[in-house]
Amino acid sequence: MSDAITPSTFTMVGEVETRYQSYNIEMAEVTGGTFWKPYTEAQRAGTEPVLLTRNPLAGHDAGEASGFADNDSLMAPLPPVDLTGARIRTLAAALGPVYLRVSGSWASHTYFDADGSSNGTCPDGYAAVLTRAQWDGVVDFAKAADALLVTSMANTDGAHDESGAWNPMNSRAFLEYSRDCGLPVTAAEFMNEPDVAALLGAPKGYTAVDYGRDVRIFAKMLHEVAPDAALIGPGCAIGGDAPMLPGGISIPTLATDDLLAEAATPPAIFSYHHYYGLSERGGGMGHVPAEYVLTEEYLAATDRTLASYRSARDRFAPDAPFWLTETGDAAMGGNTWAPTWLDTPRYIDQLGRLARQGVTSVMHNTLCASDYALLDARTHLPRAKYWAALLWARLMGTTVYDAGLPLREGLHLYAHSRRDGDGYALVAINTNREATTNIELPTDFECYQLTGDELRGQTVRCNGEILSMIDDSTLPEISGRPMPAGTMALPPVSITFITI
């Protein structure tokens, strides 16, 4: 039994940006700081449990910063990332063009040292310093990677004046400096994840009314400094009911509707965040075990989050496209299997699903930090997802089609125009762990069939050949296999790109 694919019946359902597949580099990587503690090799292999030894909010008022940064069971020191190496630049450039979002929780309390006078010491009310040299490095990397910059502002005690209002002075200096470096910020959110502002360093007791006042100040300043930059927002993290943190601690949240209503400044682009749960670091709360990763309910979680934000978008910014500005398999750094083949079908499935529903850019978290990264944080070598991301970048164009087949276990089919503009590019995912799926095409085609040697391994093959870099400046040649019209088999847990 085969599923027949009939390109002549495809119907166009939307357009995505050329920079649809994009990624984050966390501000903590740029400045150095702390980030999610790496798992051990035994934990990644599933032979050693991940135990949380301290509650994330232990000893902290719910209205103050969460305490993640000094929680030694969750976090580890993170040195500034080296963005100058040939390897990371080769791999990043191959994914271009992209949006490069530099943000994350660390950005909410980072001070920009505009005149070089801080000597690395944070002013009162901040927790990190971004130097001009560090931002120079980001700008230089972005130019090499064919990336446009997206970011968010600091919103901590030090960024507010005596009246309590947000003071735009330091953020203005940051945006002006980036502009003067020759790569102005293309789009900016006021702050990262304002619905959980209480956890991210906002002033104690910060409300939706405060947010609305501050967004209006920010929007005015952004228009003055970077008139071509898009105001994006709100960039919320929780689309539905707030999950519980370990120990039964409820996350204090601000409602998305309240934030947008108080802002009274509709974003040009509606941004939001989505993770499929919390990683094992979360102590089991909101965590999805590995055996459920390829189920239909699990994969559809990204649809449910988008749906939860759509009514707010329709009421407050009806003409705004959606950007998913931060996403990964699991919040808190990713699951133990995030670097492996097991998470790769989920990644491509998310790109396929959201393109059909009005999301025009998806910014994966991260390029090269923690377990959910496309590249290994230490070596910058490609992880399993990178190779699928590379084929998406090379093959999948901007026009999105309904391929006419409903999603079902064993076959998720997505259709776009070809990146080179000539014909169709399809991606067929067999989500079944054991059974082969057969599809039938009415015309000759080329296929790029990706498989993993092990579900929790990082070895990826294309048409049977192992993918690996030849040297730091050279990617392998990846060619499609010419196939005649007819039936093609999709092995269990495989991703097959097809060009017609």
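**Notes on the predicted model**

1. R346 belongs to helix α10, which covers residues 344–355. Please keep in mind throughout that this is a predicted model. The relative accessibility of R346 is 0%, and because buried means under 20%, this arginine counts as buried.

2. As to the surroundings of R346, its side chain makes a polar contact with the side chain of D343, at 2.8 Å. When residues up to four places away in sequence are left aside, R346 touches Y276, Y298, L299, G328, D329 and K385.

3. Helix α3 (residues 86–95) packs with helix α11 (residues 384–395) at an angle of about 45 degrees, and their axes are 8 Å apart; the two helices are therefore oblique to each other. On the α3 side the contact involves L91, A94 and L95, which meet Y386, A389, L390 and A393 of α11. Sorted by type, the residues of this contact comprise seven nonpolar ones, with no polar and no charged residues.

4. Turning to the whole protein, the model has 11 helices and 26 strands, and 57% of its 500 residues count as buried. Among contacts with a separation of 6 or more, 77% come from residues 24 or more positions apart.

5. The C-alpha atoms fill a box of roughly 70 × 50 × 45 Å along the principal axes. The radius of gyration is 22 Å, which agrees with the value near 23 Å that a compact globule of 500 residues would have.

Methods. Residues numbered from 1 in each chain as written. Predicted model: local features only at pLDDT ≥ 70, side-chain atom pairs only at ≥ 80, totals over all residues. Heavy atoms only, no water. Helix = DSSP H or I, 4+ residues; strand = E, 2+ residues; numbered from the N terminus. Buried < 20%, exposed > 50% of the residue type's maximum accessible area, 1.4 Å probe, protein only. Polar contact = N/O pair within 3.5 Å; in protein donor to acceptor, adjacent residues only side chain to side chain. Contact = heavy atoms within 4.5 Å. Axes fitted to C-alpha atoms, helices over the stretch in contact; angles between N-to-C directions. Parallel < 35°, antiparallel > 145°, perpendicular 65-115°, else oblique. Nonpolar A, V, L, I, M, F, W, Y, C, P; charged D, E, K, R; others polar. Rg over C-alpha atoms; globule rule 2.2 N^0.38 Å.
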